[in-house]
Amino acid sequence: MLTNAPRGTKDILPEQAGSWLWLENKIRELCKLYGYEEIRTPTFEHTELFQRGIGEGTDVVDKEMYTFTDRGDRSITLRPENTASVVRAYLQNKLYAKGLVKLFYIGSMFRYDRPQAGRLREFHQFGVEALGEKNPAVDAEIILLAWEFLKSLGLDDLTLKINTVGCPACRPIYRRKLKEYFTEEIDELCDDCKRRLDKNPMRILDCKIDGLKDFMDDAPKIETCLCDDCREHFNRVKEFLTAAGVEFVIDNRLVRGLDYYTKTAFEIQYTPLGAQSAVAGGGRYDGLIKEIGGDDTPAVGFAAGLERILLALELQNRLPASNKKIAAFVVSSGMAAEVYAFKLLTDLRRENISAAMDFGKKSLKAQMKAAAKSGAKFALIVGEDEVASSTVTVKNLETSAQEKVPVDEVSNILSQKNS
Ligand SMILES: [Zn+2]
Ligand SMILES: [Zn+2]
């Protein structure tokens, strides 16, 4: 037990950390390009925030949250997603005073779920939120950011699906139509969908079981119910995406389960991942900020799962080669030389030259082997002679050429030869 991490968690070891860092750097570069600024919210929040912000009756809130009572008798929850926290921070810090606010985040989220490939209990998401603007151009900007991000990583086989889920004015009409339609098929519905029929018939559309059944093909489409505002909004989003040269598929069955979602919904799938193919998803949530206690404020965003993206990159052989090579490896023999070598090591690092030395007090020959194995370009050899004459023997490990140079010139010589 003591030597096993909890189920659904995973160590990111040094050989993988490079890929994570690379991915996070890509995210930060891209967000800068689009004018989104980073926000970091707490890992835990008051449970109520997620109950309100995600919604009771959802799987996330009812079955998947890590909730506990702290020593002050407060109910605390590890964040299962970050949108509610970002909205809380937006309201608490009065960020709305600035007009449109464009934010992104990268961080761990927590859900008590059955662990499988690309889905952990502690998982990582990158997401963006644009708060305070109803213009459909912002929906398109968010979708483009997600799309260009995945493209820029080198992923092919990506599909962008978009839909509209209407608004509080037109959605009830659609719900009623769906309810009527599915009531006729009630015997065919799975148990979950029998329950959804009353509360949220739109969720039947994306049911993993019933989605494959024949009656689904003739289910009413939301287009027939949209109000003018929602119709115009959706048309504009499509126009913007087309102008940007992005291909998309309209998927009438792409719905978001929650009431606060409005208008645009989208998902980007990486087909080779099969059941876990959704790598990014989001949309407009004009109803959320009010739900959490702010003024009626439009907003749109998405979240992307980093584990799944890394999995996709691995499948496509797109992960960057790890680069742990150092410039110099210091080798010494004798007690006095070890101190001299240690000072040299320190000086090189202060000059911004990556350097290592073998602390195992092995023979000179073994140290030279370690130097070769390290991938370093140079071995810096220090023995009694070098200490006595304030020099260092610099050996180029690629060409085997070596020369003795004054110790205070080593960093200069390495900088020149290394560039
Ligand atoms: Zn509407
Ligand atoms: Zn179902």
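This is a predicted model: local features need pLDDT of at least 70, side-chain atom pairs count only at pLDDT 80 or more; totals for chains, interfaces and linings use all residues.
Residues are numbered from 1 along each chain as its sequence is written, while chains are lettered from A and ligands numbered from 1 in the order in which they are written.

View 1. H8 covers residues 228–243; helices (H or I, at least four residues) and strands (E, at least two) are DSSP runs, numbered from the N terminus. Its 16 residues reach 22 Å from the first C-alpha to the last, close to the 22 Å expected at 1.5 Å a residue (the expected span is 1.5 Å times one less than the number of residues). Cys-230, His-233, Phe-234, Val-237 and Leu-241 are the buried residues of H8. They lie on the same side of H8 because they cover an arc of only 95° around the axis, the arc being that of the directions from the helix axis to the C-beta atoms. On the face turned away from this buried side sit the exposed residues Asp-228, Glu-232, Asn-235, Thr-242 and Ala-243. Here a residue is buried if 20 or more other C-beta atoms lie within 10 Å of its own, exposed if 12 or fewer, and partly exposed in between, with C-beta atoms placed from the backbone. Helix H5 (136–152), strand S7 (158–164) and strand S9 (262–270) are what the buried residues of H8 pack against; two residues are in contact if their C-beta atoms, placed from the backbone, lie within 7 Å.

View 2. The open sheet has 3 strands in the order S2-S4-S3, with antiparallel pairing; two strands pair if DSSP finds at least two bridges between them. S2 and S3 (66–69) are the edge strands, each pairing on one side only. On average, neighbouring strands here are turned by 30° against each other, direction ignored. Between S3 and S4 there are 4 antiparallel bridges, and Thr-69 stands opposite Ser-75 in S4. H2 lies across S2, S3 and S4, at about 80° to S2; axes are lines fitted to C-alpha atoms, for helices over the stretch in contact, and angles run from 0 to 180 degrees between N-to-C directions.

**View 3. The buried side of H2.** Within H2 (residues 47–55), look for Phe-50, Gly-53 and Ile-54, which are buried. Their arc around the axis is only 85°, which puts them on the same side of H2. Among the elements that the buried residues of H2 pack against are helix H3 (59–64), helix H4 (83–92) and helix H9 (288–291). Gly-57 follows H2, with a positive phi near 95°.

**View 4. Helix H4, largely enclosed.** Of the 10 residues of H4, 7 are buried, so the helix is largely enclosed by the rest of the structure. Thr-83, Ala-84, Ser-85, Val-86, Val-87, Arg-88 and Tyr-90 are the buried ones. Their cover includes S2, H2, strand S5 (101–110), strand S6 (122–131), H9 and strand S11 (299–305). Just after H4 comes Lys-94, with a positive phi of about 50°.

**View 5. The largest nonpolar core and a separate one.** The largest nonpolar core has 69 residues; such a core is a set of buried Ala, Val, Leu, Ile, Met, Phe, Trp, Tyr and Cys residues joined through C-beta atoms within 7 Å. H5 gives the most to this core, with 9 residues. Val-128, Ile-142, Ala-146, Leu-150, Val-279 and Ile-309 have the most contacts inside the core. Leaving aside neighbours within four places in sequence, Val-128 touches Cys-31, Tyr-36, Leu-103, Phe-104, Ile-142, Leu-145, Gly-301 and Phe-302. Apart from this core lies another, of 24 residues, among them Met-357, Ala-371, Ala-376 and Leu-380.

**View 6. Strands S14, S15 and S16.** Strand S14 (residues 378–382) is joined to S15 by 4 antiparallel bridges, and Ala-379 has Lys-395 as its bridge partner in S15. S15 (residues 391–396) in turn runs antiparallel to S16, with 5 bridges. Val-394 stands opposite Glu-403 in S16, and Thr-391 opposite Pro-406. S15 and S16 form a hairpin with 5 residues between them, and Ser-400 in the turn has a positive phi of about 70°.
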